[in-house]
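Please examine the protein shown here.

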Amino acid sequence: PTLSRAGQHLFFLVASAQQHRHWRIGSSDIEAAFLKGEMYDRVLYATPPRLGPPLPGSRPGCLYRVKKGVFGLNDAPRKWWLRVKHFLLRNGCRQSKVDPALFILEGDNGTIHGLIGAHVDDLLSAGDERMAELLQKVDREFKFGSQEFDSFRHCGKRIRKDMSTGCIYVSMEEYMNNMEPVVVPQHRR
């Protein structure tokens, strides 16, 4: 699953609520996420890449056993998803009933400390200091390639939170400016 439009809207509503005005919002990208997914339980071999320098320890004609997801395998995203889901559930989150890619970080008394929405290897987060602690754990476990707060681009959208009002602004102007018209030849109309 990836964070749906309904899940994003719920995320923005909760993160901009008056009682959560102080929450920071963030976008984090997991570096080489598919390689950090769950282990394969099937046997799969691959030849080393032909371009670039040889991999350490490789010999001509050798094969490598694939133990974790590799970009291009159809089940690599699923193995990654299962690993990040299980990690978040073990670390105090529960899965939203509205969207399985949205996780809620709760305290002992039912207080919400934050939200994390997963879109493949990109995480959208909002929360208080407990969420900041959870993001540090996520970084230690999976390693962020990049991380931005309060004003960033996430999945084609420019997202910005005004910390003085708590308002969250979402724009797709950059996306629209990069669109080009599709010209259909007269004979195909």
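The points that follow are grouped by topic.

This is a predicted model, in which local features need pLDDT of at least 70 and side-chain atom pairs count only at pLDDT 80 or more, while totals for chains, interfaces and linings use all residues. Residues are numbered from 1 along each chain as its sequence is written, and side-chain values use heavy atoms, with hydrogens and water left out.

**Overall form**

- The protein has 4 helices and 11 strands; these are DSSP runs, of at least four residues (H or I) for helices and at least two (E) for strands, numbered from the N terminus.
- Its radius of gyration, taken over C-alpha atoms, is 20 Å, well over the 16 Å that the globule rule (2.2 Å times the number of residues to the power 0.38) gives for 189 residues, so the protein is more spread out than a compact globule.
- Along the principal axes, the C-alpha atoms fill a box of roughly 60 × 60 × 30 Å.

**Burial**

- Of the 189 residues, 36% are buried, meaning under 20% relative accessible area with a 1.4 Å probe, protein chains only.

**Helix H2**

- Helix H2 (residues 76-90) has 15 residues and reaches 22 Å from its first C-alpha to its last, close to the 21 Å expected at 1.5 Å a residue, counted over one less than its number of residues.
- Buried residues of H2 include Trp80, Trp81, Val84 and Phe87.
- Among the elements covering the buried residues of H2 are strand E1 (24-30) and helix H3 (129-142).
- After H2 comes glycine 92, with a positive phi near 95°.

Conventions. Buried means under 20% relative accessible area, exposed over 50%, partly exposed in between (1.4 Å probe, protein chains only). Contact means heavy atoms within 4.5 Å.
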